[in-house]
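Here are some friendly notes to read beside the model. Please keep the structure open and look for each spot as you go.

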There are 2 protein chains.
Amino acid sequence: MRATTIHAPYDLRVEDVPDPLVQLPTDAVVRVLRACVCGSDLWAYRGEAERAPGQRIGHEFIGVVEDAGREVSGVRAGDLVVAPFVWSDGVCDYCEEGLTTSCEHGGMWGAVGYDGGQGEAVRVPFADGTLVKLPSEAASDDRLLAALLTLSDVLGTGHHAALGAGARPGATVAVVGDGAVGLCGVLAAKRLGAERIIALGRHTARTDIARDFGATDVVAERGEAAVAAVRELTRGQGAHAVIEAVGTEESMRTAVGMARDGGAIGYVGAPHGSGTGLDLREMFSRNIALRGGIAPVRAYIPELLPDVLDSTIDPSPVFDRSVSLEEVPEGYRAMDRREALKVIVTA
Amino acid sequence: MRATTIHAPYDLRVEDVPDPLVQLPTDAVVRVLRACVCGSDLWAYRGEAERAPGQRIGHEFIGVVEDAGREVSGVRAGDLVVAPFVWSDGVCDYCEEGLTTSCEHGGMWGAVGYDGGQGEAVRVPFADGTLVKLPSEAASDDRLLAALLTLSDVLGTGHHAALGAGARPGATVAVVGDGAVGLCGVLAAKRLGAERIIALGRHTARTDIARDFGATDVVAERGEAAVAAVRELTRGQGAHAVIEAVGTEESMRTAVGMARDGGAIGYVGAPHGSGTGLDLREMFSRNIALRGGIAPVRAYIPELLPDVLDSTIDPSPVFDRSVSLEEVPEGYRAMDRREALKVIVTA
């Protein structure tokens with residue numbers, strides 16, 4: 001089959017690789033219908049995250065089950081399924097508690113020896129724990145497929161951030177980060193009943209989506225100026241809940257600065273840099289909590305799926321460019337240059 | 001009147017100062033019956049926290065109202081009262097939400113121009129918001145007075161840490177710090193229903209109190225060895241809830257290391273040092289939350305007071321030395337040398 005591989009920074013290739021097969025009785029093989037490129041894929045692309053030459057890449061996909069091991073009972077050949085960005089056994093202590101990212105047998109697509117989502121097919125370990133079945137009618141609805149694909153990562157990650165930040169009815173939520181995750185954070189905060197949602201961003205294409213997703217205010221400033229602007233909008237107090245969806249020390253500082261005393265930062269931007277950006281004295285004196293981390297999106301799919309299926313929420317606008325599998329390297333280039341917000345890969 | 005003043009590191013004096021008077025209609029004057037020395041007083045004592053020469057000190061006290069301004073309605077002359085370590089107006093947004101430490105008009109005892117608890121009497125701003133009335137019979141019960149005095153700070157602070165850490169029925173709680181706050185954290189975790197409480201400490205006098213307060217296990221190791229010991233006790237997983245009651249980078253690292261994936265650190269040790277001790281990458285990958293800060297103990301008194309009054313909990317053993325007001329400097333010396341856990345000051 002054809003799959004995307006990474007050989008060095010900026011050296012992505014779509015090439016022939018062995019067809020995936022059921023190797024363990026808990027495996028399934030899924031033929032990919034839609035995949036996409038994640039902001040975090042760019043770290044590998046840019047060489048900020050190390051990869052072995054030839055490693056697969058891509059951790060978000062929807063597809064159709066082609067084969068399943070004899071112990072797989074939850075899905076079967078022909079089922080339309082979505083995969084979260086971490087596979088998990090579904091039965092360990094952590095999976096039972098909903099922290100699937102800490103699964104004792106979990107792992108990431110594209111790890112050495114494993115397939116990635118940006119390919120024709122994927123061997124899925126622990127298919128019962130990992131995959132979630134979708135209504136087969138969705139396969140013929142392009143918009144709905146795109147919306148459902150966000151359950152792989154960005155929608156669940158935005159939801160995790162919103163929960164961590166404490167988005168709730170009556171709350172003011174500020175969102176640092178105008179990427180697909182930040183925008184999904186806006187959508188998730190709105191879904192959780194936030195009264196006011198302040199999105200940070202200066203690119204109209206993105207802030208327009210933020211407004212469509214529920215942002216009541218947009219702040220174009222950055223850093224200290226953004227903190228001042230959010231305080232200005234909140235009688236000097238700051239936001240009850242702050243979603244941090246960037247992961248730099250600067251964005252964390254901004255998030256803490258705009259949090260209201262007693263509030264929380266829900267952080268899902270994977271930490272970059274050697275420091276934390278956290279001023280612990282400020283957090284201490286103002287009782288600012290920090291919650292979040294890598295999002296256990298598998299556990300959120302059952303809650304979010306019905307709202308996506310009935311269009312209560314529609315995260316599909318985060319995809320603003322579509323490429324074929326052979327064009328994946330072009331999709332990376334567009335995202336790397338911020339010419340595209342998020343690229344969807346069609347089969 | 002006589003009051004404790006600080007003139008330079010290690011230069012505490014008990015000297016004559018002006019008698020406090022009601023200055024504002026919302027003030028009360030309280031004659032101090034019991035005060036105490038806090039671990040955080042030692043920062044000023046050691047010169048780690050700056051003080052203007054002659055500043056008052058002490059932020060925990062119980063006393064009898066001597067006079068009250070004309071707008072004070074909640075307490076009157078003759079009432080036995082306890083004061084939390086921060087005064088607060090009781091009516092601002094933050095006070096109404098229970099975050100009295102962020103009160104728009106709040107402040108700390110011993111600030112320049114204000115009395116401290118380690119003196120004969122104290123002018124109390126915003127007496128209605130700040131003071132909590134106690135049953136007058138308590139005044140003649142030494143043990144009960146000591147127990148009630150912990151409502152000023154250490155009991156409420158331990159409770160704040162336990163809440164921040166997520167102590168709850170069924171949870172395993174680890175407590176970093178064997179001072180009065182850490183021990184009160186044990187007591188609070190027990191009160192909140194924690195199933196297992198692991199106290200870190202190597203001084204028998206302290207670990208004996210920890211066991212009396214509800215610790216089920218004691219770990220004498222420190223740092224990485226303590227992390228290993230707590231993991232050993234928890235099938236390798238770590239504690240659901242970790243109370244951090246020290247405030248150094250090392251203790252924070254220890255706290256994060258022994259937290260179970262998906263768990264939380266409840267931190268109440270005021271941050272020392274320039275760094276945070278937080279490894280954000282580890283916290284991110286394991287979804288460890290950080291909650292806490294300066295404890296809004298005023299808001300906790302109504303909840304904790306009944307349990308202290310009926311001896312459901314008895315925090316009085318944290319006091320292991322008693323001094324008179326004139327002997328306060330001696331009390332500091334004993335705590336500075338760790339010869340005393342916590343010193344109570346009698347009138």
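1. Let us begin with a pair of helices in chain B: α8(B) and α9(B) cross in a right-handed way. A crossing is right-handed if the near helix is turned clockwise from the far one, and left-handed if it is turned anticlockwise by less than a right angle. Helix α8 (residues 223–233) of chain B and helix α9 (residues 249–257) of chain B have axes that come within 9 Å and cross at roughly 20 degrees. These two helices, α8(B) and α9(B), are therefore roughly parallel. The words for angles work like this: under 35 degrees is roughly parallel, over 145 roughly antiparallel, 65 to 115 roughly perpendicular, and the rest oblique. G223(B), A226(B), V227(B) and R231(B) of α8(B) make the contact with E250(B), T254(B) and G257(B) of α9(B), where contact means heavy atoms within 4.5 Å.

2. A word on the ground rules. This is a predicted model, in which local features need pLDDT of at least 70 and side-chain atom pairs count only at pLDDT 80 or more, while totals for chains, interfaces and linings use all residues. Residues are numbered from 1 along each chain as its sequence is written, chains are lettered from A and ligands numbered from 1 in the order in which they are written, and side-chain values use heavy atoms, leaving out hydrogens and water. Helices (H or I, at least four residues) and strands (E, at least two) are DSSP runs, numbered from the N terminus. Axes are lines fitted to C-alpha atoms, for helices over the stretch in contact, and their angles run from 0 to 180 degrees between N-to-C directions.

3. Now compare another pair in chain B. Helix α4 (residues 142–149) of chain B and helix α11 (residues 297–309) of chain B cross at roughly 160 degrees, and their axes come within 10 Å. That angle makes α4(B) roughly antiparallel to α11(B). The crossing of α4(B) and α11(B) is right-handed. On the α4(B) side the contact uses L144(B), A147(B) and L148(B), and on the α11(B) side L305(B), V308(B) and L309(B).

4. Helix α5 (residues 154–165) of chain A packs against helix α6 (residues 180–191) of chain A at about 60 degrees, with the axes 7 Å apart. The two helices, α5(A) and α6(A), are therefore oblique to each other. Their crossing, α5(A) past α6(A), is right-handed.

5. Next, the rings. Over all chains there are 12 aromatic pairs; rings of Phe, Tyr and Trp (its six-membered ring) pair if their centres lie within 6.5 Å, and planes under 30 degrees apart count as stacked, over 60 as edge-to-face and the rest as tilted. Y10(B) and Y45(B) have ring centres 4.9 Å apart and planes at 70 degrees, so this pair is edge-to-face. Is Y45(B) buried or exposed? At 4% relative accessibility, Y45(B) counts as buried, while Y10(B), at 48%, counts as partly exposed. Buried means under 20% relative accessible area, exposed over 50%, and partly exposed in between (1.4 Å probe, protein chains only).

6. Y45(B) also forms a tilted pair with Y332(B), at 5.2 Å centre to centre and 45 degrees between the planes. Y45(B) sits in helix α1 of chain B and Y332(B) in helix α12 (residues 328–336) of chain B, 287 residues apart.
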